[in-house]
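Please look through the sequence and the model below before reading on.

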Amino acid sequence: MYVVKQKTTNCLIGGHMAEDYRKRCTQKIVKDAMIELLEEKPLHKIKVTELCEKAGINRATFYNNFEDIYDLYENIENEYFENFYQMISSDDLLVSSFKVQKIIVKHVECILENKKLFMIFYRSERCFRLFEKVMQRVTDWVSELPSFNDWIKDENIAFNSKEELQMMNIFMIHGISGLLYTKLASGEEVVPNDFVKLVLQFLYERMIVPK
């Protein structure tokens, strides 16, 4: 009896895993189709019918995965900004001495790696509120690190407290995002390190990492 029960359990687990995998694949197909449509038109003009047609699914499948078009959009949005935060707050940024420039370069790299979604979200009225929410989390993460007090004594750091760091983060997220959007929209190539150094030379000369 025990052996039979164990096999049944394994089958159930395998079945759940297969079902989860199919669900993730379906959701990815729907998200990719949604992104293609968002490149063509604003969210409020996208209909479930045309989305299903582009994704190659029926309406029942769509509603088994998402409540509506707006739920799908928020799902894509939340996933993008969560990944953005995870990349920005990566521990590899803490190797050697801390430099604010490293986080800004990572910010630019994250945007360029997800350029298509960035261009879509930037046009949304929710964009900057969400970016600021992410940068608030980054500020909290940085300020809670054991070495934070040592960092703010570094002559290459352009802030003296958590409040100043937060102000700088908000300022940079608005400014850098706007500059990047303008450059990308005009088809210009952006090299992260060169772009950030140029920006900092104008704004925060003290933050440049000495060679």
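Cys25 counts as partly exposed, because its relative accessibility is 29% and the terms used here call a residue buried under 20% relative accessible area, exposed over 50%, and partly exposed in between, with a 1.4 Å probe and protein chains only. Cys52, by contrast, is buried, with a relative accessible area of 4%. The structure holds zero disulfides, a disulfide being a pair of cysteine sulfur atoms within 2.5 Å.

This is a predicted model, in which local features need pLDDT of at least 70 and side-chain atom pairs count only at pLDDT 80 or more, while totals for chains, interfaces and linings use all residues. Residues are numbered from 1 along each chain as its sequence is written, and side-chain values use heavy atoms, with hydrogens and water left out.

The chain has ten helices and zero strands, where helices (H or I, at least four residues) and strands (E, at least two) are DSSP runs numbered from the N terminus. Read along the sequence, the pattern is therefore α-α-α-α-α-α-α-α-α-α. Of the 211 residues in the chain, 40% are buried. Among the contacts in the chain with a separation of 6 or more, 67% are accounted for by residues 24 or more positions apart, contact meaning heavy atoms within 4.5 Å.

Which residues of the largest nonpolar core touch the most other members? They are Met34, Leu51, Phe62, Phe84, Phe118 and Val138, in a core of 61 residues. The largest share of this core, nine residues, comes from H4. A nonpolar core is defined as a set of buried Ala, Val, Leu, Ile, Met, Phe, Trp, Tyr and Cys residues joined through side-chain atoms within 4.5 Å. In soluble globular proteins, nonpolar side chains tend to be buried together. For Met34, leaving aside its neighbours within four places in sequence, the contacts are Leu43, Ile46, Leu51, Ile69, Leu72, Tyr73 and Ile76.

Glu77 has its place in helix H4, and Glu77 is buried because its relative accessible area is 1%. Not counting residues up to four places away in sequence, Glu77 touches Phe121, Arg126 and Leu130. Gln27 lies in helix H1 and is also buried, with a relative accessible area of 17%. Leaving aside its neighbours within four places in sequence, Gln27 is in contact with Asn65 and Phe66.

Leu200 and Gln101 are 99 residues apart in sequence, and their C-alpha atoms are 8.3 Å apart in space. Glu189, in the loop between helix H9 (162–185) and H10, counts as exposed at 74% relative accessibility. Another loop residue, Gly56, is found between helix H2 (48–55) and helix H3 (59–65), and Gly56 counts as exposed at 64% relative accessibility.

Rolling a probe the size of a water molecule over the atoms shows where empty space is left. On a 1 Å grid over the protein atoms alone, a pocket is an open set of points where a 1.4 Å probe fits, with protein on both sides within 12 Å along at least five of seven lines, and lining residues have an atom within 4 Å of a point. The largest pocket holds about 280 Å³ of space, a volume being the space filled by probe spheres set on the points, which are joined across faces, edges and corners. Its lining has 13 residues, of which Leu38, Pro42, Leu43, Tyr73 and Ser124 lie nearest the centre. Helix H4 (residues 69–88) gives the most to this lining, with three residues.

The second largest pocket has a volume of about 210 Å³. Fourteen residues line this pocket, and Ile35, Glu79, Tyr80, Asn114 and Leu117 lie nearest its centre. Its largest share, five residues, comes from H4.
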